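Please prepare a short briefing on the structure shown below.

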Amino acid sequence: MEAVPFIGVSRHRINIDGKGVNTLAAFHGCPLRCRYCLNPTCFGKTDELTRYTPETLFDYVRIDNIYFLYTGGGICFGGGEPLLRTDFIREFRKLCGDAWKITVETSLAVPRSSVEAAAEVIDDFIVDIKDTNPDIYKAYTGCSNRRSLQNLRWLISAKGAEHIMVRVPLIPNFNTDADRDRSVALLHEMGITQIDKFNYVVR
Ligand code: SF4
């Protein structure tokens with residue numbers, strides 16, 4: 001497999017990307033265009049970015065193997081949108097085996113086939129749902145949320161809600177507390193129990 005660009009690899013993240021000590025590996029590339037995107041380098045040129053194959057990334061991050069095993073952590077793929085790189089993640093799973101936890105931070109704004117392929121090898125999903133109201137989502141990301149919500153419903157049935165945590169932000173100038181409460185209520189109806197309500201900070 002060809003080496004692909006990453007916007008960063010960050011070690012020793014404790015209980016931020018799921019349980020235990022994790023290394024966050026953030027892919028370049030994202031289908032959304034969030035107005036307050038914290039990672040604009042994921043849309044920029046790739047010339048200066050570090051590239052990894054599954055093998056070279058595994059060689060780099062395995063230095064923390066003992067932390068991963070001891071704490072129940074592992075690697076978290078973010079971005080950008082990691083489910084645009086499902087083939088990479090599947091190859092990485094073959095290298096690290098079952099001992100490491102693999103988590104993704106995703107918007108689920110990708111084709112269903114990518115979610116299905118990912119679900120076979122990923123342990124836990126952190127889903128940034130933005131807002132479940134289609135008009136708010138479109139205004140904030142430039143895209144429809146139809147695909148994300150349909151993929152979330154599928155993922156709940158395929159993996160079980162215990163493997164999914166949904167992040168529901170308050171987005172200044174785009175949604176309100178009442179909007180966010182409606183999103184939370186819909187997520188509860190769908191069967192989601194792990195919900196992280198937080199506030200975007202606009203810089
Ligand atoms: S999903 Fe994340 S990386 Fe993509 S545009 Fe939105 S904030 Fe940026």
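Which residue of β4 does asparagine 22 stand opposite? Asparagine 22 stands opposite glycine 74. The model is a predicted one.

**Sheet layout**

- The sheet is open and is formed by eight strands, in the order β3-β1-β2-β4-β5-β6-β7-β8.
- Pairing within this sheet is mixed.
- The edge positions are taken by β3 (50-52) and β8 (194-199).
- Each of these two strands has a single partner strand, so one side of each has no neighbour in the sheet.
- From one strand to the next, the twist averages 30 degrees.

- Strand β2 covers residues 21-27, and six of its seven residues are buried, so the strand is largely enclosed by the rest of the structure.
- The threshold behind this is that a residue is buried if 20 or more other C-beta atoms lie within 10 Å of its own.
- Strand β1 (residues 4-14) runs antiparallel to β2, and six bridges join the two.
- Within this pairing, serine 10 has leucine 24 in β2 as its bridge partner.
- β1 and β2 make up a hairpin, with six residues between the two strands.
- Asparagine 15, in the turn of that hairpin, has a positive phi of about 55 degrees.
- With strand β4 (residues 74-78), β2 pairs in the parallel sense, over five bridges.

**Strands β6 and β7**

- Strand β6 (residues 124-128) is paired with strand β7 (residues 164-170) in the parallel sense, and the pairing has four bridges.
- Opposite isoleucine 126 stands methionine 165 in β7.

**Helices α1 and α3**

- Helix α1 spans residues 54-61 and helix α3 spans residues 86-96; the two pack with their axes 9 Å apart.
- The angle between them is about 50 degrees, and α1 and α3 are therefore oblique to each other.
- Their crossing is right-handed.
- On the α1 side, the contact is made by Pro54, Glu55, Leu57 and Phe58.
- On the α3 side, the contact is made by Phe88, Glu91, Phe92, Leu95 and Cys96.
- Sorted by class, the contact of α1 with α3 comprises seven nonpolar and two charged residues, with no polar ones.

**Helices α4 and α6**

- Helix α4 (residues 112-119) and helix α6 (residues 146-159) have axes that come within 11 Å and cross at roughly 25 degrees.
- This angle makes α4 roughly parallel to α6, because angles under 35 degrees count as roughly parallel.
- The crossing of α4 with α6 is right-handed.
- α4 contributes Arg112, Val115 and Ala119 to the contact, and these meet Asn151, Trp154, Leu155, Ala158 and Lys159 in α6.
- By class, the contact of α4 with α6 has five nonpolar residues, one polar residue and two charged residues.

**Backbone features in loops**

- Glycine 79 and glycine 80 are joined by a cis peptide bond, with omega about 5 degrees.
- Glycine 80 belongs to the loop between β4 and α3.
- Leucine 108 is a residue other than glycine with a positive phi, near 65 degrees.
- The loop between β5 (101-106) and α4 holds leucine 108.
- Leucine 108 has 26 other C-beta atoms within 10 Å and is buried.
- Asparagine 173 is not a glycine, yet its phi is positive, at about 75 degrees.
- The location of asparagine 173 is the loop between β7 and α7.
- Asparagine 173 is exposed, with 10 other C-beta atoms within 10 Å.

**Aspartate 181**

- Helix α7 (residues 177-190) contains aspartate 181.
- Aspartate 181 has 12 C-beta neighbours inside 10 Å and counts as exposed, because a residue is exposed if 12 or fewer other C-beta atoms lie within 10 Å of its own.
- In sequence, aspartate 181 and valine 104 are 77 residues apart, and in space they are 25 Å apart, C-alpha to C-alpha.

Notes. Residues numbered from 1 in each chain as written. Predicted model: local features only at pLDDT ≥ 70, side-chain atom pairs only at ≥ 80, totals over all residues. Pairing = 2+ DSSP bridges. Axes fitted to C-alpha atoms, helices over the stretch in contact; angles between N-to-C directions. Parallel < 35°, antiparallel > 145°, perpendicular 65-115°, else oblique. Left-handed = near helix turned anticlockwise from the far one by under 90°. Contact = placed C-beta atoms within 7 Å. Nonpolar A, V, L, I, M, F, W, Y, C, P; charged D, E, K, R; others polar.
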